[in-house]
Amino acid sequence: MSDQIIQVAFVGNPNCGKTTLFNALTGSNLKVANWPGVTVEKKEGLTDYKGQKMNLVDTPGIYSLTSYSLEEKVTRNCVMEDNIDVIVNVVDASSLERNLYLTMQLLELGKPVILAMNMMDIVKERGMEIDTHRLPEMLGDIPVVPVSARKRTGLPVLLHAVKHHYQEPVEKKVVRYSDELEEKIAAIEERLRQKEGAQQFTRFTAVKLLENDEVTKEKHPIEISDLMDKNYEKEIINQKYDYIEEVVEETLFHKGQKEEKTDRVDQILTHSFWGVPVFFGIMALVFFFTFTIGDFLKGYFEVALDWLIGATATGMEAIHAANWLTSLVVDGIISGVGGILTFLPNIFILFVALGILEDSGYMARVAYVMDGIMGKVGLSGKAFLPMVLGFGCTVPAVMAARTLESDTDRKKTIFLTPFMSCSARLPIYVLFSQIFFPNSAMLVAYSLYVIGLFMAIVIAVIIGHVTEKSHNHNLLIELPEYKLPNFRTIRMYVWDKVKDYLSKAGTTIFIASIVIWFILNFNTSGMVDNVSHSFGAVLGHWMEPILAPLGLGTWQIGVALISGLSAKEVVVSSFSVLFGVNNVNSVAGMGALSAGLAQYGFGPLNAYALMVFCLLYTPCVATIATIKKETNSWKFTGIMIVFQLLLAYAASLLVYQVGSLLL
Amino acid sequence: MITTIFVGILVFGYAAFVVGKKVKDAKDGKFCNCGCGGCTKNCGAKIPEE
């Protein structure tokens, strides 16, 4: 048993299964999806193998150690600058040829490397065979371990290899370049040693300098112009690929049996004309299930909530709790938090559907399908992937914009992402569309998602005209093969989202419910009998004239919209507390809320204007904080907040005023 | 009276705990859970950190 914790970095191409492997080994539940670029930040987790502790570091996927985008820099810095003992190079064994390029670079570093051949189950399914005896011989005698992260096979063997080989650096030259190149590399290595003394990565640095790599040139400014009679980058890449070809030729058998199903399905799903309508059709289907199955399940939650309200009220009375405390618990906390929990079935179905689309490989195609439209608005289809993530939660979506290489494109994408309707807004749509549009609730909710997309595209066009143009919008994205969604992956994905929702209900919405109860029941003189004398009413009345042109000129709506800044679901819980409705998602609750709002002349048009406002206005505080963190600019964040507020106001005004003229 | 104080402590104690945790998470730059990228260290944490 050793007290030392071995530092292990998982490095590999995008979408090769590093995070799935990391999750399997650490018991973690980091986000995985079947498209490249899901991990944008390095993540650390601990594991233990027979008494040997290991700190595993999951890194963003890269194709080579040349760093252009932010997440590529993260991986390169982790491998080259952090205190990593051993690199576990995760490769997709079903695409060995493409994955081995990064392997060749990692071997050049000279650090201990272990090759984890992931997706061996797919290799077997396709009838391919890999010679796992010859392969290590051709890769400098590094340990080669076949694993399947999805099926959790080969994991102990991998940890065993880490434990026993983490102190064995790669000493052999795996790729031998032409004599001319080897002479130049040796000369540069000598100059590096003379100027900087003995150091790690000398051969790798020399090769990178010969490739004219900007980052390496900055870090190692040595004079090599006499050796650089031409650009050797292409030659070095070609010679590496020549060797990879040799490796593949000797170790991979029956490689011709590629999956053809994917190509057949792609003829429809990524069709140049039908691709976009198919995407909208699939999203419509997602909402159909979200509403129909979700509504079927929510009845059970309503019964449970009714029981809880009754039992709590009786219990509080039995223990002679003060009236104000009973009101706080029953009318404030249970109405607010419980009301939100009844939307859990809808959220559950939405994420099951999104999880299936992600894991099957379809979501990666969305970037390709939308590339034409995104190209016209000055962005690449790759920018659409973070936006798709925004249907779940805007926080990770904003972080996922790191995959974009240009800073301008990244900021544009961050700016557009909040227009994708996140799952927190779903309860608002479900509630108000079912109350005011009972016969077309699903269609109304779907229209809001389409408006969000439409707005993002319009805003992108406008931004494209007023900001600097980025030069390259060519889409380079690896499309994974279609596969049957993995039950475990979907289960983890959905559980994670449900847990997040429950945790939000128990924390943010719990606090928001208390705050709303307090501002509705107190003023400067203490507890009030009449809600119209409360702090909340004063605040709401102040907002009434501002919101009146939108058809939202009721003080309760002003309070609900402000509270929605903590989390968008809070808009719904606020309505519960503001109108004293205990089970807002039940038929009786909806009736009570509808009657309460009708007193103020609030009808379907007002409801639609409210939903449009909620779709477009300032995102929740967590998103705002993430935007500030990712852009490192209060100015950018401030502009976004004000812009979204103004846009929401203008769009709702348009909806209400034009609607009033027409209806 | 005693039950009111007891339930009050439970409710407001939990509320104070939640607010404290939110403030700490925000200071650590953590705005969502591990699954959405909120944590960067001790993800999963199969064994306790030393």
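Q: How are H12(A) and H21(A) oriented to each other?

A: Two packed helices are described by the angle between their axes and the distance between the axes. In this predicted model, the axes of H12(A) and H21(A) come within 10 Å and cross at roughly 135°. An angle over 145 degrees would count as roughly antiparallel, and H12(A) and H21(A) are therefore oblique to each other. Their crossing is right-handed.

Q: Which residues make the contact between H12(A) and H21(A), and how do they divide by class?

A: On the side of H12(A), the contact is formed by Met283(A), Ala284(A), Phe287(A), Phe288(A) and Phe291(A), while H21(A) brings Ala441(A), Met442(A), Ala445(A), Tyr446(A) and Tyr449(A). By class, this contact has ten nonpolar residues, with no polar and no charged ones.

Q: How do the axes of H12(A) and H13(A) cross?

A: Helix H12, residues 275–318 of chain A, and helix H13, residues 323–341 of chain A, have axes that come within 10 Å and cross at roughly 170°. Because of that angle, H12(A) is roughly antiparallel to H13(A). H12(A) takes part through Phe301(A), Leu305(A), Leu308(A), Ile309(A), Thr312(A), Ala313(A) and Met316(A), and H13(A) through Thr326(A), Val329(A), Val330(A), Ile334(A), Gly338(A) and Leu341(A). The residues of this contact divide into ten nonpolar, three polar and no charged.

Q: Which residues of helix H8 are buried, and what do they pack against?

A: Helix H8 covers residues 202–210 of chain A, and its buried residues are Thr205(A), Ala206(A), Val207(A), Lys208(A), Leu209(A) and Leu210(A). They pack against helix H3 (96–109), helix H7 (179–196), helix H9 (214–219) and helix H10 (233–251) of chain A. After H8(A) comes Asn212(A), which has a positive phi, near 70°.

Q: Where else is a positive phi found in a residue that is not a glycine?

A: Lys50(A), which is not a glycine, has a positive phi of about 50°, and it belongs to the loop between strand E2 (43–49) and strand E3 (52–58) of chain A. Lys50(A) is exposed, because 9 other C-beta atoms lie within 10 Å. Asp141(A), likewise not a glycine, has a positive phi of about 60°, and it lies in the loop between helix H5 (134–138) and strand E7 (144–146) of chain A. With 13 C-beta neighbours inside 10 Å, Asp141(A) counts as partly exposed.

Q: Into which domains is chain A divided?

A: Chain A is divided into domain 1 (6–165), domain 2 (179–228) and domain 3 (275–475 + 484–662). Taken over C-alpha atoms, the centres of domain 1 and domain 2 of chain A are 27 Å apart, and six residues of domain 1 are in contact with seven residues of domain 2. On the side of domain 1 that touches domain 2, the residues divide into two nonpolar, three polar and one charged.

How values were computed
Residues numbered from 1 in each chain as written. Chains lettered and ligands numbered in written order. Predicted model: local features only at pLDDT ≥ 70, side-chain atom pairs only at ≥ 80, totals over all residues. Domains from an automatic or database assignment. Contact = placed C-beta atoms within 7 Å. Nonpolar A, V, L, I, M, F, W, Y, C, P; charged D, E, K, R; others polar. Axes fitted to C-alpha atoms, helices over the stretch in contact; angles between N-to-C directions. Helix = DSSP H or I, 4+ residues; strand = E, 2+ residues; numbered from the N terminus. Parallel < 35°, antiparallel > 145°, perpendicular 65-115°, else oblique. Left-handed = near helix turned anticlockwise from the far one by under 90°. Buried ≥ 20, exposed ≤ 12 C-beta atoms within 10 Å, placed from the backbone.
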